[in-house]
There are 2 protein chains.
Amino acid sequence: MLYLNRQDVSSLIDFNELIEAIEHSMEIYDKKQFMQPDRIKVNVSDSETYLYMPCFTEQIKGTKILTLSQGNSKYNLPTIQGVMLLNDPKTGTIDCIIDGASITGYRTGAVGAAGIKYTSGENCRNLGIIGTGVQAFYQAQYAAAVRDIENIYLYNTTAGKMTDFAKRLKEKLPKVNIIPTVSPAELVKKADIIITATPSSTPVLPDDAALLEGKHYIGIGSYKPNMHEYPESIYKLLDKIYVDVDFAKEESGDLITPCEKGWFREDNIQTLYSAVKSNSINRNKTTFFKSVGMALFDIFVAGKIYKKALEQGIGQRINQ
Amino acid sequence: MLYLNRQDVSSLIDFNELIEAIEHSMEIYDKKQFMQPDRIKVNVSDSETYLYMPCFTEQIKGTKILTLSQGNSKYNLPTIQGVMLLNDPKTGTIDCIIDGASITGYRTGAVGAAGIKYTSGENCRNLGIIGTGVQAFYQAQYAAAVRDIENIYLYNTTAGKMTDFAKRLKEKLPKVNIIPTVSPAELVKKADIIITATPSSTPVLPDDAALLEGKHYIGIGSYKPNMHEYPESIYKLLDKIYVDVDFAKEESGDLITPCEKGWFREDNIQTLYSAVKSNSINRNKTTFFKSVGMALFDIFVAGKIYKKALEQGIGQRINQ
């Protein structure tokens, strides 16, 4: 059995390989060649949640197990911790245990990047990111792997939080200009691609169709019905909304609310995979890709990382 | 993070310590000082099941994750494989990963032994075991830890299976006579304590009240409604049936069927812990302890093993 910690995973990452793994898993999803029970969630207390996310396919089987402990900053520990167990698909033997927070971060970044790859113009050079948390950090790096990004504009309601983020991101992307902004309006104006990665319950973008038009939006933050990052006026600019998985319609406030309020027709929401396959995405207009993620993506990303670890002799061997 | 494999666990086992851990967890159970969602079961195919068994208390939190792969004998691998994850109860950090099949075996053995300890006479010297699978092997060793067993009588419908079992058991218990029998009737006649550890769907004991009377029965095998190890006549010999957990009444055919058919009154089923506490067990009469197990027992057994591993410096250290 192999154990891959955060550093191991980090050393094995090739953004484009993982985006390919996501594209492959999106195909498996569309073809329904997987078995995935509903996400299993145990609220142990108001601040402590345990999540079990199994997924099974012919080629790969595994389970991500995460704890979300809200009070962990006082122990200098991350909120999200856990592991991904990868099983031999024939025998069930656990072949590999991988740091679960890393898998979550890298796969969500890869899903966002798949969105950018297929919904934004190839000449887009200006990225805006609203929210500067852990996920924003992954998204920024992935975006730079699929587009020749020259400028990254940042916005956070707490301006101070941008400084450290900008510094860390500059280390990862030394050739890119990292530019804090003073308002979402400024950010939208300057950016071609806008990633939203906040837990906000009210829209983080201005409700201004003229400002929002013609840009490419990647919605990462909202994964619950009460979470909203997008304002009403954006929906009138869109013919389609692309999603990573169909059930995003039932999970994200950014899809539930506009359908309920009549701002958007639910049957104009379709998976990115199906839209790419039918070559129907118009990148010259406003686009919106909304992701909520699923365990299927985790196991394919984890499988790719495990395979590379074996090839490169990375990780800690455990005698079972 | 510490990893404890099968050999590590085996080297750390003190049967009486684990029986104490079970007694403590039975108290936690009776006082309802735990949170345990229903066991989560994913049938990936007819021969492949994934089980997730989380349990949370103030002192200890963890999840056992098992795969049951029926076809594994052809790969020379066990049917049951998996791990137990033990989390820091405050922060959720995984402190220890333990071989899950070992935990299952040792805790089930410890629960059976707690039954023997409190329901059988202290002078019982003759043990009978029906079924000679993995679980029977644990049960036999535990029984010898709580009673001065001189003879162990074995019965298996496939006589050949007893030979290897008897040989392996003799290595563990060199002072004890290990004696195969030709029928359950012979076994019951010779034994004082009878452990049943089979997956049978029809009774494995003769339906003969005179033969069955005055003995102490430990039912381990039946954990589903369609599994029955005990015949009708035993129920008339019993005032009470003791169980490890209340929901055994809903899970085991050995309790569901007699209540449905009117052979036994459901309100005469009570937890072993409550019966011990009220000092109400008459060990001079026929007794029956029925166990189905629960994740709460697993986490306390795992916690005890982890604590000892730390004290003795056993296990493989993993850099997280």
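Predicted model: local features only at pLDDT ≥ 70, side-chain atom pairs only at ≥ 80, totals over all residues.
**Confidence**

I checked the scores before anything else. Chain A averages a pLDDT of 97, and 100% of its residues score at least 70. For the complex, the predictor reports an ipTM of 0.92 and a pTM of 0.93.

**Interface, seen from chain A**

I looked up the contacts between the chains and found 31 residues of chain A against 31 residues of chain B. On the chain A side, the elements giving two or more residues are β2 (40-45), β3 (48-56), β4 (61-69) and β5 (80-87). The most comes from β3(A), with five residues. By residue class, this side of chain A divides into 17 nonpolar, 13 polar and one charged.

**Met53(A)**

I then picked a residue in strand β3 of chain A, Met53(A). Is Met53(A) buried or exposed? I counted 25 other C-beta atoms within 10 Å of Met53(A); the cut-off for buried is 20 or more, so Met53(A) is buried. Leaving out residues up to four places away in sequence, Met53(A) touches Arg39(A), Thr63(A), Lys64(A), Ala295(A) and Asp298(A). I also noted Pro37(A), which is 16 residues from Met53(A) in sequence and 7.9 Å from it in space, C-alpha to C-alpha.

**Seven-stranded sheet, chain B**

I traced the strand order of an open sheet in chain B as β2-β3-β4-β5-β6-β1-β15, seven strands with mixed pairing. Which strands stand at the edges? They are β2 (40-45) and β15 (316-317) of chain B; each has a single partner strand, so one side of each lacks a neighbour in the sheet.

I followed two of the pairings. Strand β1 (residues 2-4) of chain B runs parallel to strand β6 (residues 94-99) of chain B, over three bridges. Within this pair, Leu4(B) has Ile98(B) as its bridge partner.

Next I looked at what packs on the sheet. Helix α3 (residues 100-119) of chain B touches β4 (61-69), β5 (80-87) and β6 of chain B, and its direction makes about 85° with that of β5(B). Helix α12(B) also packs on the sheet, touching β1, β3 (48-56), β4, β5 and β6 of chain B, at about 75° to the direction of β3(B).

The second pairing I followed is antiparallel: five bridges join β2(B) to β3(B). The two strands form a hairpin with two residues between them. Val42(B) has Tyr50(B) as its bridge partner in β3(B).

**Helix α12(B)**

I went back to α12(B) for its geometry. The helix covers residues 295-312 and has 18 residues; from first C-alpha to last it reaches 26 Å, close to the 26 Å expected at 1.5 Å a residue. Of its 18 residues, 13 are buried, and the helix is mostly covered. Just after the helix, Gly313(B) takes a positive phi of about 65°.

**Asp38(B)**

Asp38(B) lies in the loop between α2 (15-30) and β2 of chain B. I found 8 other C-beta atoms within 10 Å, so Asp38(B) is exposed. Its C-alpha atom is separated by 8.7 Å from that of Pro54(B), 16 residues apart along the chain.

**Eight-stranded sheet, chain A**

In chain A I traced an open sheet of eight strands with parallel pairing, in the order β9-β8-β7-β10-β11-β14-β12-β13. The edge strands are β9 (177-180) and β13 (269-271) of chain A; each has a single partner strand, so one side of each is left without a neighbour in the sheet. Direction ignored, neighbouring strands of this sheet are turned by 20° against each other on average.

Helix α3 (residues 100-119) of chain A lies across β10 (193-196), β11 (216-219), β12 (241-243) and β14 (287-290) of chain A, running at about 160° to β11(A).

**Positive phi in chain A**

Most residues other than glycine have a negative phi, so I looked for exceptions. Lys32(A) has a phi near 55° and sits in the loop between α2 (15-30) and β2 of chain A. With 7 C-beta neighbours inside 10 Å, Lys32(A) counts as exposed. Asn279(A) has a phi near 55° and lies in the loop between α11 (272-277) and β14 of chain A. Asn279(A) counts as exposed, with 6 C-beta neighbours inside 10 Å.

Definitions and conventions: Residues numbered from 1 in each chain as written. Chains lettered and ligands numbered in written order. pLDDT = per-residue confidence, 0-100. Contact = placed C-beta atoms within 7 Å. Helix = DSSP H or I, 4+ residues; strand = E, 2+ residues; numbered from the N terminus. Nonpolar A, V, L, I, M, F, W, Y, C, P; charged D, E, K, R; others polar. Expected span 1.5 Å × (residues − 1). Buried ≥ 20, exposed ≤ 12 C-beta atoms within 10 Å, placed from the backbone. Pairing = 2+ DSSP bridges. Axes fitted to C-alpha atoms, helices over the stretch in contact; angles between N-to-C directions.
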